[in-house]
Amino acid sequence: MLFLWLYMFYSCAGSCAATRGSPAAGEESSPEEHRAAPDAASPISSFFNGSGSKRLPQAIIIGVKKGGTRALLEFLRVHPDVRAVGAEPHFFDRNYERGLAWYRDLMPRTLEGQITMEKTPSYFVTKEAPARISSMSKGTKLIVVVRDPVTRAISDYTQTLSKKPDIPTFESLTFKNRTTGLIDTSWSAIQIGIYAKHLENWLLYFPIGQILFVSGERLISDPAGELGRVQDFLGLKRIITDKHFYFNKTKGFPCLKKAEGSSKPHCLGKTKGRTHPDIDQEVVQRLRDFYRPFNMKFYQMTGQDFGWD
């Protein structure tokens with residue numbers, strides 16, 4: 001009798017799980033759900049738990065652009081208890097009128113105990129985003145990847161330059177009037193780096209302890225250390241460690257020995273780690289002087305000294 005039951009169990013495990021995991025008639029499944037992943041349910045767990053369900057995210061990487069958010073997301077997706085949307089949903093800044101049901105449907109299916117995540121770096125600088133996320137759930141955990149604002153601005157400009165080679169120089173865009181040294185804070189590349197100003201808006205809706213600030217610099221120099229902090233913050237077991245990384249000297253940043261759903265090493269694409277153009281050092285110094293008081297305030301607000309100067 002026992003052997004008959006085991007035969008029926010293992011015969012059903014694959015087909016039952018596949019049936020439960022299939023989309024309903026007329027429902028399109030996302031590429032995220034089709035991609036093999038280390039956190040995909042095994043046949044036995046699928047037999048008992050089904051293919052999971054779509055949930056609103058319990059944690060969101062909210063910023064900042066060109067800070068290292070893609071690297072953090074890719075690193076986190078190695079963890080078996082993290083499921084994340086690959087593309088940026090831009091729900092709380094561009095698609096809010098579509099409603100929470102639309103947003104939830106973008107999420108990958110998760111099993112009990114797994115965390116649903118997404119990342120959209122522009123949330124951090126979107127005035128309406130804090131109130132909207134708080135309205136969804138006051139308990140949402142927020143992660144901000146920050147980077148030296150001067151380096152971040154140059155990286156931002158480099159990305160735009162790769163798409164629009166005919167744009168004005170970085171130096172000319174930096175100033176409203178170069179003679180007087182007046183910085184143009186309306187330029188998004190400059191404005192994003194005034195972290196203290198943006199954080200004030202978030203603290204109207206979330207306590208500081210509910211926001212984790214990740215150093216973009218340490219994410220490169222010590223990825224396992226920063227990932228340890230992130231895993232602790234999310235209440236996850238520290239599974240992602242030094243053994244998951246190797247340093248790629250060509251690209252100049254760490255890569256994964258095995259990416260999500262793959263047995264092969266994985267580095268971020270060619271759009272990451274672009275060579276920055278040479279910028280007039282006088283302009284760089286003026287920007288450092290401009291950001292310094294904002295950086296000091298940001299250090300005080302977060303209780304962290306990021307060492308930018």
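Q: What volume does the largest cavity have, and what makes it a cavity?
A: The largest cavity has a volume of about 40 Å³. On a 1 Å grid over the protein atoms alone, a cavity is a set of points where a 1.4 Å probe fits but cannot get out. The volume is the space filled by probe spheres set on the points, which are joined across faces, edges and corners. The model is predicted: local features need pLDDT of at least 70, side-chain atom pairs count only at pLDDT 80 or more, and totals for chains, interfaces and linings use all residues. Residues are numbered from 1 along each chain as its sequence is written, and side-chain values use heavy atoms, without hydrogens and water.

Q: What makes a residue part of the lining of the largest cavity?
A: Lining residues have an atom within 4 Å of a point. Among them are E74, F75, H266 and C267. β11 (253–256) gives the most, with 4 residues. Strands are DSSP runs of E, at least two residues; helices are runs of H or I, at least four.

Q: Why is T275 called exposed?
A: Exposed means over 50% relative accessible area, with a 1.4 Å probe and protein chains only. T275 has 72% relative accessibility, so T275 counts as exposed. T275 lies in the loop between β11 and α13 (281–302).

Q: How do you know that β2 and β6 pair?
A: Two strands pair if DSSP finds at least two bridges between them. 4 bridges join β2 (residues 59–63) to β6 (residues 141–146), so they pair, and they run parallel. G63 has V144 in β6 as its bridge partner.

Definitions and conventions:
1 Å grid on protein atoms, 1.4 Å probe; cavity = no way out; pocket = protein on both sides within 12 Å on 5 of 7 lines; lining within 4 Å. Buried < 20%, exposed > 50% of the residue type's maximum accessible area, 1.4 Å probe, protein only.
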